[in-house]
Structure formats: structure tokens, C-alpha cells
Amino acid sequence: MTVNFKTSLVQPGKGSTFLVLGDLYTLLAEGKDTGGTYGLAEVLMQPQSIAPPHIHEQADEAHYVLEGEVEY
């Protein structure tokens, strides 16, 4: 078995940043950066914020909550 690791470091304040529905999204890794294997985003959500129901037809989605709590 062959494993190829590629390390990426995104410095604070770097990455593409977008304001979506009042929440701040910073794209840390995109498919173009990872050979299409995954994307990674940091999201700073406002209190009482929600992620509207949505579907990703060609990708899985996972959430890792660092602080606070999120209701789905």
C-alpha cells in the first residue's frame, strides 16, 4: 500500500472569506487544493444562527463544533 501525504498550512487571516446569512465562512482547503478529495471551512456562527436545510449531491458533510452548541 502506498500512502502519499501532502501537508498544508493556512496562516491565521488567510483563506477565502465570505459572509453568508450573517455567519463568517473561511475556506481553508478547497477541492482544487486537495485533488478533489475534500474541502475544509471554518465557520463563525452568530447566536441563534442556522444552516438552512440543504443537500450535497456529490459530497459528504461533517461538523466539528469547537465552542458552544448547534441544534439541527
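Visitor: Which loop holds Leu-21?
Guide: Leu-21 is found in the loop between β1 and β2. Keep in mind that this is a predicted model.

Visitor: What is the phi of Leu-21?
Guide: Phi is near 50 degrees. That is a positive value, and Leu-21 is a residue other than glycine.

Visitor: Is Leu-21 buried or exposed?
Guide: Exposed means over 50% relative accessible area. Leu-21 has 66%, so Leu-21 is exposed.

Visitor: How do strands β1 and β2 run, and how many bridges join them?
Guide: Strands count as paired if there are at least two bridges between them. Here five bridges join β1, residues 16–20, to β2, residues 23–29. The two strands run antiparallel. Thr-17 stands opposite Thr-26 in β2.

Visitor: What do β1 and β2 form?
Guide: They form a hairpin, with two residues between the strands. Leu-21 sits in that turn.

Visitor: Where does Gln-48 lie?
Guide: Gln-48 lies in the segment after β3. Gln-48 has a positive phi of about 70 degrees, although it is not a glycine. With a relative accessible area of 78%, Gln-48 is exposed.

Visitor: Why does Val-70 count as partly exposed?
Guide: Partly exposed lies between two cut-offs: buried is under 20%, and exposed is over 50%. Val-70 has 32% relative accessibility, so Val-70 counts as partly exposed. The place of Val-70 is also in the segment after β3.

Visitor: What separation is there between the C-alpha atoms of Val-70 and Thr-34?
Guide: They are separated by 28 Å. Along the chain, the two residues are 36 residues apart.

Visitor: What volume does the largest pocket have?
Guide: About 1,700 Å³.

Visitor: How many residues line the largest pocket, and which lie nearest its centre?
Guide: The lining has 42 residues. Nearest the centre lie Ala-41, Val-43, Glu-61, Ala-62 and His-63. The elements that give two or more residues to this lining are β2 and β3. β3 gives the most, with five residues.

Technical notes
Residues numbered from 1 in each chain as written. Predicted model: local features only at pLDDT ≥ 70, side-chain atom pairs only at ≥ 80, totals over all residues. Heavy atoms only, no water. Helix = DSSP H or I, 4+ residues; strand = E, 2+ residues; numbered from the N terminus. Buried < 20%, exposed > 50% of the residue type's maximum accessible area, 1.4 Å probe, protein only. 1 Å grid on protein atoms, 1.4 Å probe; cavity = no way out; pocket = protein on both sides within 12 Å on 5 of 7 lines; lining within 4 Å. Points joined across faces, edges and corners; volume = space filled by probe spheres on them.
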